[in-house]
Amino acid sequence: MRTIRTTCPYCGVGCGISATVNGPRSVRIRGDADHPANRGALCSKGTHLGETVGLEGRLLSPMIGDRAASWDAALDEVTARLSQTIADHGPQAVAFYVSGQLLTEDYYVANKLAKGFVGTGTIDTNSRLCMASAVAAHNRAFGEDVVPCSYEDIDAADLILLVGSNTAWCHPVIWQRIEKVRERRGTRLVVIDPRRTETAERADLHIPVAPDGDVALFNALLAEMRQRGALDQAFLSANVEMPDDFWATLDAAQCPIDPALFAALAEMVAASPRMLTLFSQGANQSTSGTDKGNAIINLHLAMGRINRHGAGPFSITGQPNAMGGREVGGLANTLACHLGFSEAERGDVARFWNTDRLCAGPGLKAVDLFRAVHAGEIRFVWVMATNPAVSMPDAGFVREALARCPTVVVSDVMADTDTGRYAHVRLPALAWGEKDGTVTNSERRISRQRPLFTPPGEARADWAILADVGRRMGYPQPFAFETPADVFREYAAMSALAPRHGKQFGLTQWADCTAHQYDTMQPFQWGGLHPFAHGFSHPGGKARMIAVTRPPPAHADPAFPLRLNTGRYRDQWHTMTRTALSPKLSLHRREPLLEVHPADAAAAGLEDGGLARVETPYGASTYRVMVNVGQQPGGIFVPMHWTDRLSSGGRTGRLARPDADPHSGQPGFKDTPARMAAVQPQWRAFLIARDEAPVAALYWTRSRIEGGWLTEIAGLGTIDADALLPAGTRSEVADLARGMRRIVVQDEGGALLAALFVTRNGTLPQREWIAAQLSQPAPDANMLLAGRPSEPLPDRGALVCVCHDVGEQQVLAALADGATTVAEVGTATCAGTNCGSCRPIISRLIAEWQQALQEAAE
């Protein structure tokens, strides 16, 4: 067995992984204790990567339409269509839509091909949906898109503000680091979020700001700090420029939170020189996201809380290589190496690439890109490592656009994706565990992703596919890359252009690296801990305070009285093409849930565990209802992950409004007008089966279990059981009066093939025991029909800890045995001792247990 150091493919924390390959497609995953980003820690998704490296569902051959093709045929087809589009309609009719899942080498070659040789500026990335507002805020304030902080600042902070970040779920390893500094230093934690998330439950102070209320809040804080004399005048004078009328026009009236909460927050801010603000999607995914970022940065600049240990505005990225994509020009409004489109910058880039076809200026950003596809202005689009038919806002419109486009090329690892269904050509790419290259994390640390397995089938690296097309277009020398090290060397050499234009970015020390040096590269951080310690990137070396105003109030529409918020689940990732393959990761949330305040649920006639249809001006979809006191009245929340492959409901992209921030082009996923109504099925069912079965019903959703799939179904009329069940020996029981029907299908040896349970008005049995019978050689048919073993198993309750498979009842048993802290529960049950994402749940159970004991004693 061999152990390989590589990097996790999920969020932007950039955790190091120690992967021990123990079979042809099998690997044991451990955190890399020597990697500075995570020091051996992993979240649940990283821990269970080994469940996702199989070849189930993989695209293993190029496809032209529905026909397998050779690479030569497929790339000849792509090149011919691309060249003909340029000849007939010009380079502006070509677009590339790429992804933070790409490695830096892939990104670089895509950007070089698109902007340098096709001549289109329209290459944009799904990072536009995640971090573009932070990019714009950085550029306005600092003169360059550079994160001014490092993870070590977390360890030194006295006060941490989390803005729009459910960190315990979305960046669990960062959350572990926050927990440790709170224990060690007594660091205080403030969470600014409309929802009372599990992260907010653990905070010293939760500020339930209204949707898009962040600018008003941070402007009010800035005004309050000025009134208190808490600004750092020496730092401002030496390092910051601002408009002459900045203070006179500061929009700081009517702070949008309770005065007592604001006073408590202001006291913490004033008393904590080492203040770190981490902001993420909740701030960025807004039509005022750039202004939110600058409001946060303004406060730090004015108080001198930047460029020092434990302080600064820290944008934490959502994807493993969103930062790398930003560095190589993956966004439509930048060139590589943090360069823009001035005449001097374009000239330097054109000379470096030796091209006369460099695009004339910025291209279209993601939302406008697909509008142009829909309008017929873009006639060739190449989608790489992303699924815009699901993830884009107003996704129904995006699907119409893809259906209209004369040429859609999709490079992906999966054979069947919602976007791939619109492709004329599909190209099989390498997945994690096969890729070879680099990624950059949220703190500007570059790490290697290394291959664990040989490429399956005919899958190829994205950079190699792109280079092959570049050579076919008649540019053999510019695309003569033979290895990822060749690409990285050229990219590092190109970074010498950045300092010529006042930028901090630079990797020139790697421009002449050998293949061995590249292969053995250790994680390194460009720019150091605080890259602006000796000056900012604006001319003159000063940062800029940007005057920002609160957005106008949302237009009240009686037809859509609610505000829809969207986001991630703890154990899922993007559109679940990888995480949905993991039985463990499917346990936490098997269905897309509509989270709604009890008062709003009652007003709409919704029941916890029932179904509801959510509708916005852009589309509608169905969800399972979860009544949650953590929701603000008038606000609802749904997850972003589900696709046509996995559910008839949960199609959140269809709901989100396509309005975008005017500076960054980032869509406002967090605040869409909506309404909801109860969905009343005539029957409910679930199917446990070894294989996926086609389902046609009012509502269905499918999740992975050990050895098969669990499908929840609800419908009208009569269920077609024969269409759902495989051939085999059937056992059946029915109660027509109660509308109950149960069917079990076994093979000749007695192994369970499928089990269908249907009811019209009764209660369905628990799924866990029945699902476990897929792994048994010959389970008893009578027990299967009963839905339980002859001797009842202990009730473990709702799952708390995915990593160690610990249920709520096991935690409560530990409390009954005397455990009083999260650590003691961990000692007794192992819950919370790996990724830490479940620690907020354990803390809540402890608090509820102690409150019940206190009430019983009174």
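I started at Leu497. Beyond its neighbours within four places in sequence, Leu497 is in contact (heavy atoms within 4.5 Å) with Leu339, Asp348, Val349 and Phe352. I note that this is a predicted model, where local features need pLDDT of at least 70, side-chain atom pairs count only at pLDDT 80 or more, and totals for chains, interfaces and linings use all residues. Residues are numbered from 1 along each chain as its sequence is written, and side-chain values use heavy atoms, with hydrogens and water left out.

I looked up the distance to Asp348. Leu497 and Asp348 lie 149 residues apart in sequence, yet 7.1 Å apart in space, C-alpha to C-alpha. Leu497 belongs to helix H21 (residues 497–500). Helices here are DSSP runs of H or I with at least four residues, strands are runs of E with at least two, and both are numbered from the N terminus. Is Leu497 buried or exposed? Leu497 has 4% relative accessibility, so it counts as buried. Buried means under 20% relative accessible area, exposed over 50%, partly exposed in between (1.4 Å probe, protein chains only).

Next I checked strand E28 (residues 699–705). I found 7 of its 7 residues buried, so E28 is largely enclosed by the rest of the structure. Tyr699, Thr701, Ser703 and Ile705 point one way; Trp700, Arg702 and Arg704 point the other way. In a regular strand, side chains alternate between the two faces of the sheet.

I then followed E28 to its partner. E28 runs antiparallel to strand E29 (residues 708–715), joined by 7 bridges. Two strands pair if DSSP finds at least two bridges between them. Trp700 has Ile713 in E29 as its bridge partner. The two strands form a hairpin with 2 residues between them, and Gly707 in the turn has a positive phi of about 85 degrees.

I traced an open sheet next. Its 7 strands run in the order E5-E4-E16-E15-E14-E6-E7, with mixed pairing. E5 (67–68) and E7 (123–125) are at the edges with a single partner strand each, so one side of each has no neighbour in the sheet. E4 (residues 63–64) pairs with E5 in the antiparallel sense over 2 bridges. Met63 is opposite Ala68 in E5.

Last, I looked at two helices. H27 (residues 808–816) and H28 (residues 822–829) pack at about 110 degrees, axes 9 Å apart. Axes are lines fitted to C-alpha atoms over the stretch in contact, and angles run from 0 to 180 degrees between N-to-C directions. Gln810, Val811, Ala814 and Leu815 in H27 meet Val825, Ala828 and Thr829 in H28.
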